[in-house]
Amino acid sequence: MNNMNLRRPNDCGCNTNCGNNASSCGCNPNCDADSSIYNDPLKGMAIAIGYVPWQQWCKVYDLCKGLNQGTIFPPLDLPFYGCIPRGYFNGRGGAL
Amino acid sequence: MNQDRNKLLLYITQVSFAIDDVVLFLDTHPCDKDALSYYKELKKARRESMDEYTHKYGPLLNDNVDNSCYWEWVKDPWPWE
């Protein structure tokens, strides 16, 4: 997390000028930036390791919808982006 | 294939798919009560619909053949027919 200062020497990269000095990456405690160490639900867990939350039982789809969607679990019924439309990443910091 | 037969076959497909999915969940959540009761419900529904299909249209699986004096399995058209 420390290299954030290198990219933006005078703020901690949290896009809201929370007036933090450049010396440390530690944002102001009430800074709500996604990348702020004060807003990290996985705080204290080993870094650089993927985590998959444990699936809980939930209200499942009815039989007909389950077969059509390819799953009976709504939380697993996710859109599939087989191909990314040209320009999709414009303004999202991507190159495609 | 008549309409009713198609409808029953689709139902069997749907309930079989739901069983496969709940089995995958139970593999990692063997004590989950909700999943177990849903599995029980599906198992009953699948058994009943399979029996109904076998009774009306003949065996779907080779262990559904009830007729002891004729091997009904060969009566149905082969998959390529």
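**Notebook: two helices of chain B against chain A**

I started with H1(B), whose buried residues pack against H2 of chain A together with H2 of chain B. Helices here are DSSP runs of H or I, at least four residues, numbered from the N terminus. Buried means under 20% relative accessible area with a 1.4 Å probe, protein chains only.

Ground rules before going on. This is a predicted model, where local features need pLDDT of at least 70, side-chain atom pairs count only at pLDDT 80 or more, and totals for chains, interfaces and linings use all residues. Residues are numbered from 1 along each chain as its sequence is written, chains are lettered from A and ligands numbered from 1 in the order written, and side-chain values use heavy atoms, with hydrogens and water left out.

**H1(B)**

I checked the length: H1(B) has 26 residues and reaches 39 Å from first C-alpha to last, close to the 38 Å expected at 1.5 Å a residue. The expected span is 1.5 Å times one less than the number of residues. I listed its buried residues, among them Leu8(B), Ile12(B), Val15(B), Ile19(B), Val22(B) and Phe25(B). At the N-terminal end, Asn2(B) is the cap, with a side-chain oxygen 3.2 Å from the backbone nitrogen of Asp4(B). My cut-off for such a polar contact is a pair of N or O atoms within 3.5 Å; within protein, one must be able to donate a hydrogen and the other to accept it, and residues adjacent in sequence count only if both atoms are side-chain atoms.

**H2(B)**

Next, H2(B), residues 33-57: its 25 residues should span 36 Å at 1.5 Å a residue, and the end C-alpha atoms are 36 Å apart, so the two agree. At its start I found a side-chain oxygen of Asp32(B) within 3.1 Å of the backbone nitrogen of Asp34(B). After the helix comes Gly58(B), with a positive phi near 110°. Buried residues of H2(B) include Tyr38(B), Leu42(B), Met50(B) and Tyr53(B). The buried residues of this helix pack against H2 (63-69) of chain A together with H1 (3-28) of chain B.

**Cores**

Which residues touch the most other members of the largest nonpolar core? Of its 15 residues, Trp57(A), Ile72(A), Val22(B), Tyr38(B) and Leu42(B) do. H1(B) gives the most to this core, six residues. A core is a set of buried Ala, Val, Leu, Ile, Met, Phe, Trp, Tyr and Cys residues joined through side-chain atoms within 4.5 Å. I also noted a second, separate core of five residues, including Leu8(B) and Met50(B).

**Rings**

I counted five aromatic pairs over all chains. Rings of Phe, Tyr and Trp (its six-membered ring) pair if their centres lie within 6.5 Å; planes under 30 degrees apart are stacked, over 60 edge-to-face, the rest tilted. Trp57(A) and Phe25(B) are edge-to-face, 5.1 Å centre to centre with 70° between planes. Both residues are buried. Trp57(A) and Tyr38(B) have centres 5.8 Å apart and planes at 55°, so that pair is tilted. It crosses between chains, from the loop between H1 and H2 of chain A to H2 of chain B.

**Interface**

Finally, the contact (heavy atoms within 4.5 Å) takes 14 residues from chain A and 17 residues from chain B. About 1,300 Å² is buried between the chains, 77% of it from carbon and sulfur atoms. That area is the accessible area (1.4 Å probe) two parts lose on being put together, summed over both. Trp57(A), Leu63(A) and Leu67(A) supply 54% of what chain A buries against chain B.

How values were computed:
Buried < 20%, exposed > 50% of the residue type's maximum accessible area, 1.4 Å probe, protein only.
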